[in-house]
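Please keep the sequence and the model in view while reading.

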Amino acid sequence: DYQTEVKLEGGAEEINSLAETINNMRIEIKNNEDTKKEMIQNLGHDLKTPIAVIRSYAEAIQDGIESVDSTELIIKQSELLNKKVMQLIEYSKIGYIDNHNAYEPTSFKKVVEQVVNNYKYITNIKFIIDIETDWVHVMDPESAHIAISNIIDNAVRYAVTKIVVQITEKKLTIFNDGEHIEPHVLPKIFKAYEKGSKGQFGLGLAIVKETMDRFGLKVSVLNHANGVLFTIELQ
């Protein structure tokens with residue numbers, strides 16, 4: 001019963017130490033359970049919104065209130081829903097599947113160029129790519145692509161005019177000139193479904209951290225000059 005504190009008075013040093021360890025473990029289990037409950041609640045809210053929009057517009061079309069042209073909105077919402085489900089699957093997979101057979105020397109330069117090309121015609125944000133030298137690291141290319149895509153996607157959401165991607169010797173930085181992240185959000189921005197700037201929450205940045213940890217890399221973020229800077233480097 002992790003809700004009940006273990007209390008010992010005047011026991012042997014070894015027993016008191018064991019009791020303290022059990023209490024610390026009890027608190028950690030409780031915190032994990034609370035986090036899981038909150039995550040499930042937020043996940044339900046996150047998925048419920050596009051489902052509600054899809055249903056309401058489908059019923060409106062069926063009743064003749066909306067025209068068939070509204071199917072475009074339904075398609076966009078279904079794409080959003082699919083993206084959220086895929087992120088959930090990816091996050092779950094990270095915890096249970098670590099296929100080292102898929103690891104291979106992977107070029108960060110190639111991954112970055114592939115990701116940036118995906119945004120070429122869907123945003124007006126200017127991309128500045130500065131690659132001093134390529135960085136090749138042993139990892140799963142597909143997972144690396146997903147992680148970098150999540151950072152870029154976050155940068156596109158908040159950038160005002162530009163995103164600057166730099167690769168130097170064993171370091172990748174991604175800068176966007178958007179608003180600074182609130183100080184109370186910074187320490188927990190990589191936690192799953194932790195609510196952040198403008199009420200946004202999700203799994204994107206949690207996937208980034210879990211993926212980079214798996215590859216022996218460290219990801220960090222800080223408010224930098226007139227924007228926000230993400231950094232990936234060796235642990």
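The crossing of helices H3 and H4 is right-handed. This description, like those below, refers to a predicted model. Helix H3 comprises residues 108-118 and helix H4 residues 141-158; their axes lie 10 Å apart, and the two helices pack at an angle of about 50°.

H3 contributes Phe108, Val111, Val112, Gln114, Val115 and Asn118, which meet Ala144, His145, Ile148, Ser149 and Ile152 of H4. Sorted by class, the contact between H3 and H4 holds seven nonpolar and four polar residues, and no charged ones.

Attention now turns to the aromatic rings. Across the whole structure, a search finds four aromatic pairs. One of the pairs joins tyrosine 103 and phenylalanine 215: the ring centres are 5.3 Å apart and the planes stand at 80°, so the pair is edge-to-face, an angle over 60 being required for that class. This pair links distant parts of the chain, as its two members are 112 residues apart. Tyrosine 103 lies in the loop between helix H2 (71-96) and strand E1 (104-107), whereas phenylalanine 215 lies in the loop between helix H5 (204-214) and strand E6 (217-224).

Are these two residues buried or exposed? Tyrosine 103 has a relative accessibility of 16% and therefore counts as buried. Phenylalanine 215, at 5% relative accessibility, also counts as buried, because the cut-off for this class is under 20%.

Conventions
Residues are numbered from 1 along each chain as its sequence is written. This is a predicted model: local features need pLDDT of at least 70, side-chain atom pairs count only at pLDDT 80 or more; totals for chains, interfaces and linings use all residues. Side-chain values use heavy atoms; hydrogens and water are left out. Rings of Phe, Tyr and Trp (its six-membered ring) pair if their centres lie within 6.5 Å; planes under 30 degrees apart count as stacked, over 60 as edge-to-face and the rest as tilted. Helices (H or I, at least four residues) and strands (E, at least two) are DSSP runs, numbered from the N terminus. Buried means under 20% relative accessible area, exposed over 50%, partly exposed in between (1.4 Å probe, protein chains only). Axes are lines fitted to C-alpha atoms, for helices over the stretch in contact, and angles run from 0 to 180 degrees between N-to-C directions. A crossing is left-handed if the near helix is turned anticlockwise from the far one by less than a right angle, and right-handed if clockwise. Contact means heavy atoms within 4.5 Å. Ala, Val, Leu, Ile, Met, Phe, Trp, Tyr, Cys and Pro count as nonpolar, Asp, Glu, Lys and Arg as charged, and the others, Gly among them, as polar.
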